[in-house]
Each structure stands twice: as structure tokens, then as C-alpha cells.
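Here is a short report on one protein chain. Keep the sequence and the 3D view side by side as you read.

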Amino acid sequence: MIIDFRVRPPFRGFEKLSLFGRTKAFQEFPFATPDTRSIPSALEHSMPLFLAEMEEAGISMGVVLPRCSTSTPWGAVTNDEVAEGAKGYPGKFVTFGSVDPGADIRKAVEEVERCIRVLGCKGIVVEPGFCATPLRPDSAPMYPVYERCAELEVPIVLTLSGLAGPDISYARPDAVHRAAKDFPTLNFVIAHASYPYIYEAATLCAFLNNVWLLPDLYMHVETFVGREIYAKVLSMTQGKRVVFGSAYPYRDMRQSVADVQSYGLPREFYENLMHRNAEELLRS
């Protein structure tokens with residue numbers, strides 16, 4: 001069993017994102033490398049092909065993480081579109097909602113409530129550096145969202161990487177450290193795992209029980225410097241708090257699974273990474 005914690009399927013809403021544009025995500029530098037596999041479902045924008053690729057990869061469930069902020073250069077998809085798209089494939093997807101506290105704090109908190117209670121989402125995504133007003137994880141407008149997520153007992157996913165904000169400093173995980181200490185009952189998941197601040201993110205994950213890493217393609221693409229460190233984090237955490245994500249369509253799901261298998265992880269760590277840790281997160 002495998003749970004892919006970061007997919008953007010080619011269903012309703014995602015066609016607006018640049019990752020399904022004329023140049024597909026997996027064809028873009030620096031994610032396109034000599035061994036990058038072509039993805040037929042992304043090229044043809046085909047859900048039947050996507051489901052076939054998913055099955056071939058051994059993935060039983062995908063977690064759909066939307067993008068609501070209109071300040072990104074890559075476009076946005078609404079929570080309703082994501083929820084509606086997933087309904088067409090029962091049992092195949094878990095959806096998260098996305099909010100932008102940098103645009104309107106009150107509306108963001110209300111949308112958290114609606115996503116969980118009405119749309120049936122299992123968590124919330126915020127991309128701090130891409131908010132209407134760029135934020136950091138410990139910025140004041142983020143805290144009402146954290147508070148509501150903690151009350152609803154759902155995890156928060158924060159996208160942090162060198163490309164996710166006005167400059168590379170927005171990838172730093174020290175602000176997550178401060179927020180996670182302020183909300184000790186809330187699970188913080190760092191999508192892109194704060195790349196390139198690998199050691200700092202690894203330290204947080206090892207020493208704070210409510211900080212999780214979702215390295216996705218930064219653990220898979222062989223040209224990313226330091227990617228193997230994310231696999232070593234599992235030794236620091238006894239196999240806990242790191243979750244697998246393919247980042248489809250930036251990376252083929254089948255290739256992403258093979259990338260992880262190439263690390264030769266102990267069986268227990270592999271099973272934790274590929275599904276058990278995700279199951280724990282989704283139960284929180």
C-alpha cells in the first residue's frame with residue numbers, strides 16, 4: 001500500500017495551472033533531467049491514464065493539495081473544484097483545502113471551517129510566501145488559521161522551498177519552529193521540506209513531534225544536491241514524521257516510487273514513509 005501525499009490530478013480545476021500548460025511540469029528545468037520519465041496522463045490531461053499510472057505505481061490513495069493564492073505565477077484552483085473533482089473517484093483521493101491569510105484573515109478562518117465541515121477536507125494548505133501579502137510561518141495572520149486547525153484537529157501543510165516566496169529566505173524552517181512551539185497539538189507538515197535548508201528541517205523533524213516533512217520531488221530528482229539527507233532523516237526520527245509525495249505532474253508517480261526504493265531503506269522505515277506516517281497524519 002502506498003499513499004501519495006502530494007498529487008495534482010488532471011481533473012477539474014487543475015487545467016488552469018501552468019503545470020498542465022503548454023510545457024508540462026515534468027518538462028521544466030530543473031525538474032527535467034536526462035532520466036526524467038515522460039508522463040502520458042499529463043501530456044493528454046487524461047484521468048483514465050492517470051489512474052492506470054497510479055495503479056502501476058502501487059499507489060492506492062492520493063492526497064490532493066490545492067493552491068488558492070492568485071499571487072503565484074503558476075495559477076490557482078478553488079477548493080470547490082478540488083472537492084468536486086475528487087468526488088468522481090470515490091476512495092482514490094483525500095482532499096485538503098487551501099486558504100490565504102495574507103488576503104483576508106477572517107475569510108481564511110471561515111474557509112478553514114467550511115473546507116473541513118462542509119467539503120470534507122482532511123487538512124489545510126497555506127503557501128506563506130505566495131500569500132497576497134507574503135508571510136512567514138510565524139507571521140501574525142497565520143495564527144488564527146493555526147488556532148482553528150488545532151481546534152478542528154486537522155494538520156496544516158506549509159509549502160516552503162527556495163522557489164516558494166519573494167526570496168530564498170522564505171524557505172527557512174526556523175519560523176515553523178516558533179509556530180510549532182506555540183501550537184504543540186497541531187501537526188505542521190512542510191511541503192518541499194524547506195529545501196535547500198535540509199539540515200535545519202531535519203533537526204526540527206527529529207526534535208519536535210509535531211513537525212513533519214514532505215520532501216516530495218526534492219527527495220527524488222537525482223540532480224538536487226543533498227536529496228539523500230531526507231532519507232537519512234528517518235534514522236533520526238525512528239522512521240516517523242516523513243511522508244512520501246510524488247509531486248505529480250512534476251514527477252512520474254512510478255518513477256517517484258522507484259526513486260525511494262533506490263535508497264534501500266529498512267523495511268519498517270520504507271513502510272512508514274510510504275503509508276503508515278500518512279495514515280497517522282490523516283487520522284489526526
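## A helix across a sheet

Helix α11 (residues 267-283) lies across β1, β2 and β3 and runs at about 70° to β1. Helices here are DSSP runs of H or I with at least four residues, strands are E runs with at least two, and both are numbered from the N terminus. Axes are lines fitted to C-alpha atoms, for helices over the stretch in contact, and angles run from 0 to 180 degrees between N-to-C directions. This is a predicted model: local features need pLDDT of at least 70, side-chain atom pairs count only at pLDDT 80 or more, and totals for chains, interfaces and linings use all residues. Residues are numbered from 1 along each chain as its sequence is written, and side-chain values use heavy atoms, leaving out hydrogens and water.

In what order do the strands of the open sheet of 3 strands come? The order is β1-β2-β3, and the pairing is parallel. β1 (2-7) and β3 (93-95) stand at the edges with a single partner strand each, so one side of each has no neighbour in the sheet. From one strand to the next, the twist averages 25°. Two strands pair if DSSP finds at least two bridges between them. Strand β2 (residues 59-64) pairs with β3 over 3 bridges, in the parallel sense. Val 64 has Thr 95 in β3 as its bridge partner.

Strand β5 (residues 124-126) runs parallel to β6, and 3 bridges join them. Val 125 stands opposite Val 157 in β6. Together, β5, helix α5 (residues 143-152) and β6 make a right-handed β-α-β unit. Right-handed has a set meaning: with the strands pointing away from the viewer, the path from the first strand over the helix to the second runs clockwise. The chain then crosses from β6 through helix α6 (residues 174-182) to β7, and this β-α-β crossover is right-handed. β6 and strand β7 (residues 188-195) pair in the parallel sense over 5 bridges. Ile 156 stands opposite Phe 188 in β7.

How many of the residues of strand β6 (residues 156-161) are buried? The count is 6 of its 6 residues. Buried means under 20% relative accessible area, exposed means over 50%, and partly exposed lies in between (1.4 Å probe, protein chains only). Ile 156, Leu 158 and Leu 160 point one way from β6, while Val 157, Thr 159 and Ser 161 point the other way.

## The nonpolar cores

In soluble globular proteins, nonpolar side chains tend to be buried together. A nonpolar core is a set of buried Ala, Val, Leu, Ile, Met, Phe, Trp, Tyr and Cys residues joined through side-chain atoms within 4.5 Å. The largest one here has 80 residues. Ile 124, Val 126, Tyr 146, Ile 156, Phe 188 and Leu 273 touch the most other members. Apart from it lies another core, of 16 residues, including Ile 3, Val 94, Val 125 and Trp 212.

Take Val 126. Leaving aside neighbours within four places in sequence, Val 126 is in contact (heavy atoms within 4.5 Å) with residues including Val 99, Pro 101, Met 142 and Ile 156.

## Aromatic pairs

The whole structure holds 13 aromatic pairs. Rings of Phe, Tyr and Trp (its six-membered ring) pair if their centres lie within 6.5 Å; planes under 30 degrees apart count as stacked, over 60 as edge-to-face and the rest as tilted. The rings of Phe 11 and Phe 93 have centres 5.6 Å apart and planes at 90°, so this pair is edge-to-face. Phe 11 lies in the loop between β1 and α1 (40-44) and Phe 93 in strand β3, so the pair ties together parts that are 82 residues apart in sequence. Both Phe 11 and Phe 93 are buried.

The rings of Tyr 195 and Phe 224 have centres 5.5 Å apart and planes at 70°, so this pair is edge-to-face. Tyr 195 counts as buried at 12% relative accessibility, and Phe 224 counts as buried at 11%. Phe 11, Phe 50, Tyr 89, Phe 93 and Tyr 248 form one aromatic cluster.

Asp 259 lies in helix α10 (residues 253-261). At 10% relative accessibility, Asp 259 is buried. Gln 261 is also placed in helix α10. Gln 261 is partly exposed, with a relative accessible area of 47%.
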